[in-house]
Amino acid sequence: MALLLNEPLMNYTFTQTGGPADVLAFPKTRDEVEALVNYCQKENIPWLVLGNASNLIVRDGGIRGVVIMLLEMNTIQVTDDVIEVEAGARLIDTSYAALDNQLTGLEFACGIPGSVGGAVFMNAGAYGGEIKDVFVSSDVLFPDGTIRTLTSAEMNFSYRHSDIQQMQGIILNARFALEEGEKDVIKTKMDELTYLRESKQPLEYPSCGSVFKRPEGHFTGKLIQDAGIQGLVWGGAQISEKHAGFIVNINQATATDYVELIAHIQAVIKEKFDVALETEVRIIGEEK
């Protein structure tokens with residue numbers, strides 16, 4: 001297991017911002033995760049699991065204790081119409097494994113950059129599909145050392161939410177039930193969604209993806225456009241001129257730039273339209 005000390009998390013976050021982790025750990029197996037968590041619990045060392053830090057902002061002060069990234073746990077196995085995936089595998093890679101095995105149901109995920117564990121944690125979705133639509137179960141490691149298999153009902157999925165968010169547990173894997181399909185049809189759908197994503201999203205800049213949840217009855221991007229603040233620059237961060245629901249890092253932005261700009265957007269939209277924008281991106285860590 002690789003252990004890095006005082007490691008800048010800006011090297012890993014998709015915004016390219018964030019302070020250091022006291023210890024950054026990359027376990028390669030379930031046993032290593034268990035041993036690490038057991039040690040931290042025994043020694044009273046705080047610990048935290050990140051996915052691949054795609055929909056995440058780490059504040060500039062960083063994170064104390066041990067940060068665990070499961071990127072090396074990325075095995076994808078297909079058995080009949082079920083895909084079992086370790087938590088560190090990319091959701092994009094999982095969708096292409098489904099394609100290769102002529103399985104339909106994960107096309108919506110072909111452009112979601114997060115890890116499988118992170119996708120389950122937040123019930124990731126796009127273009128009308130969500131993780132809950134295909135989810136069967138996950139093995140979850142809890143701080144007391146027990147591993148429980150949680151079903152879809154136990155996850156209690158809703159929009160960008162699962163009950164695992166209220167538990168201090170580590171998602172180790174996920175099982176998705178798909179259906180047999182025609183490879184050409186699946187590929188065409190994925191190509192269409194990839195085109196939509198590339199044409200509408202500012203993929204040329206670092207970003208944390210969609211910043212806000214969609215408020216009921218509204219579209220976040222249109223609210224920001226109508227408020228006249230699309231394109232606003234705050235430090236090194238900018239409300240994307242291509243898609244107002246994204247904040248991009250255009251000039252060595254800090255996490256503080258991101259957090260302050262998010263708060264400014266929320267205040268403007270609340271004042272102008274009386275709509276409370278709730279963040280989809282997770283904001284964690286300490287102030288500098």
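The structure is a predicted model, in which local features need pLDDT of at least 70 and side-chain atom pairs count only at pLDDT 80 or more, while totals for chains, interfaces and linings use all residues. Residues are numbered from 1 along each chain as its sequence is written, and side-chain values use heavy atoms, with hydrogens and water left out.

The structure holds 2 aromatic pairs (rings of Phe, Tyr and Trp, the last by its six-membered ring, with centres within 6.5 Å; planes under 30 degrees apart count as stacked, over 60 as edge-to-face and the rest as tilted). In one of these, the ring centres of Tyr12 and Phe26 are 5.9 Å apart and the planes stand at 45°, so the pair is tilted. Tyr12 is located in the loop between β1 (2–8) and β2 (20–26), and Phe26 in strand β2, so the pair ties together parts that are 14 residues apart in sequence. Helices (H or I, at least four residues) and strands (E, at least two) are DSSP runs, numbered from the N terminus. Tyr12 is partly exposed, at a relative accessible area of 21%.

For Phe135 and Phe157, the ring centres are 5.1 Å apart and the planes are at 80°, so this pair is edge-to-face. Phe135 belongs to strand β11 (residues 135–141), whereas Phe157 is in the loop between α4 (152–155) and β13 (170–171), so the pair ties together parts that are 22 residues apart in sequence. Phe135 counts as buried at 6% relative accessibility, and Phe157 counts as buried at 12%.

The largest nonpolar core comprises 44 residues, and those with the most contacts inside it are Val120, Ile131, Ile170 and Phe176 (such a core is a set of buried Ala, Val, Leu, Ile, Met, Phe, Trp, Tyr and Cys residues joined through side-chain atoms within 4.5 Å). When neighbours within four places in sequence are left aside, Ile131 is in contact with Leu91, Phe108, Ala119, Val120, Asn123, Ala124, Phe157 and Phe176 (contact means heavy atoms within 4.5 Å). A second, separate core has 23 residues, including Phe212, Leu223, Ile247 and Leu277.

Asn123 lies in the loop between α3 (116–122) and β9 (125–126). Its phi is positive, about 50°, although Asn123 is not a glycine; at 0% relative accessibility Asn123 counts as buried. Tyr127, in the loop between β9 and β10 (129–130), also is a residue other than glycine with a positive phi, near 50°. At 39% relative accessibility, Tyr127 counts as partly exposed.

Helix α5 (residues 183–200) has 18 residues and should span 26 Å at 1.5 Å a residue, which agrees with the 26 Å between its end C-alpha atoms (the expected span is 1.5 Å times one less than the number of residues). The buried residues of α5 include Ile186, Met190, Leu193 and Arg197. Seen down the helix axis, the buried residues of α5 fall within an arc of 65°, so they line one face (the arc is that of the directions from the axis to the C-beta atoms). The face turned away from the buried side of α5 carries the exposed residues Asp184, Val185 and Tyr195. The cover over the buried residues of α5 includes α2 (91–100) and β8 (103–104).

Notes. Buried means under 20% relative accessible area, exposed over 50%, partly exposed in between (1.4 Å probe, protein chains only).
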